[in-house]
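Subject: Structure for you to look at

Hello,

Here is the structure I said I would pass on. Please open it and keep it in view while you read the notes.

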Amino acid sequence: MVHYACDLCHRPLDPASDLRYVVRIEVYPALDPPQSEEWDDDRDHLLEVHESLEGKEPEPEEYQDPYQELRFDLCPDCRKRFSRDPLGRDLLKQFDFSQN
C-alpha cells in the first residue's frame, strides 16, 4: 500500500479516505532572444553556433541544470494556505529584522 503525507505539515494522508492535492512546479530559465539584434539573412547561424561551441567556457553553475520539476502532496488545509500565498511572501513579513 502506498503511504502519503502532506509535504508541509507532515500529516499522514490515507488515500482511501483523505483528500490529497498535488502541486507541480516547473523551474527553467527564460532564455529570450536578444531584442537588439536584427534578423540578417546573410548570417551563417550554424557557423556562429559552431564557433561558439568550440570556444565555449564552462557554463555558470546556475545554467548546468536548467530544468527542475517539483511535486508536492498537500492536505486540504495546506492547499488553502499555499493557494493564498504560493511564493511564501507572507512568511517573510512575519520576521522583524533590524535595519543594521
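The notes below go from the overall layout to the core and then to the pocket.

This is a predicted model, in which local features need pLDDT of at least 70 and side-chain atom pairs count only at pLDDT 80 or more, while totals for chains, interfaces and linings use all residues. Residues are numbered from 1 along each chain as its sequence is written, and side-chain values use heavy atoms, with hydrogens and water left out.

Layout

The chain has four helices and four strands, in the order β-β-β-α-α-β-α-α from the N terminus. Helices (H or I, at least four residues) and strands (E, at least two) are DSSP runs, numbered from the N terminus. Of the 100 residues in the chain, 9% are buried. Buried means under 20% relative accessible area, exposed over 50%, and partly exposed in between (1.4 Å probe, protein chains only).

Core

Which residues make up the largest nonpolar core? There are six: Cys6, Leu13, Val23, Leu74, Cys75 and Cys78. Such a core is a set of buried Ala, Val, Leu, Ile, Met, Phe, Trp, Tyr and Cys residues joined through side-chain atoms within 4.5 Å.

Cys78 lies in helix α3 and counts as buried because its relative accessibility is 2%. Leaving out residues up to four places away in sequence, Cys78 touches Cys6, Leu8 and Cys9; contact means heavy atoms within 4.5 Å. With the same exclusion, the partners of Cys6 include Arg11, Leu13 and Asp73.

The largest pocket holds about 360 Å³ of space. Of its 16 lining residues, Leu8, Arg81, Phe82, Asp85 and Leu91 are the closest to its centre. On a 1 Å grid over the protein atoms alone, a pocket is an open set of points where a 1.4 Å probe fits, with protein on both sides within 12 Å along at least five of seven lines; lining residues have an atom within 4 Å of a point. Points are joined across faces, edges and corners, and the volume is the space filled by probe spheres set on them.

At least two lining residues come from each of β3 (21-27), β4 (68-74), α3 (76-84) and α4 (89-94).

Phe82 is also in helix α3. Is Phe82 buried or partly exposed? Phe82 is partly exposed, because its relative accessible area is 25%. Beyond its neighbours within four places in sequence, Phe82 contacts Val23 and Leu74. Phe82 and Leu8 are 74 residues apart in sequence, with 9.4 Å between their C-alpha atoms.

Regards
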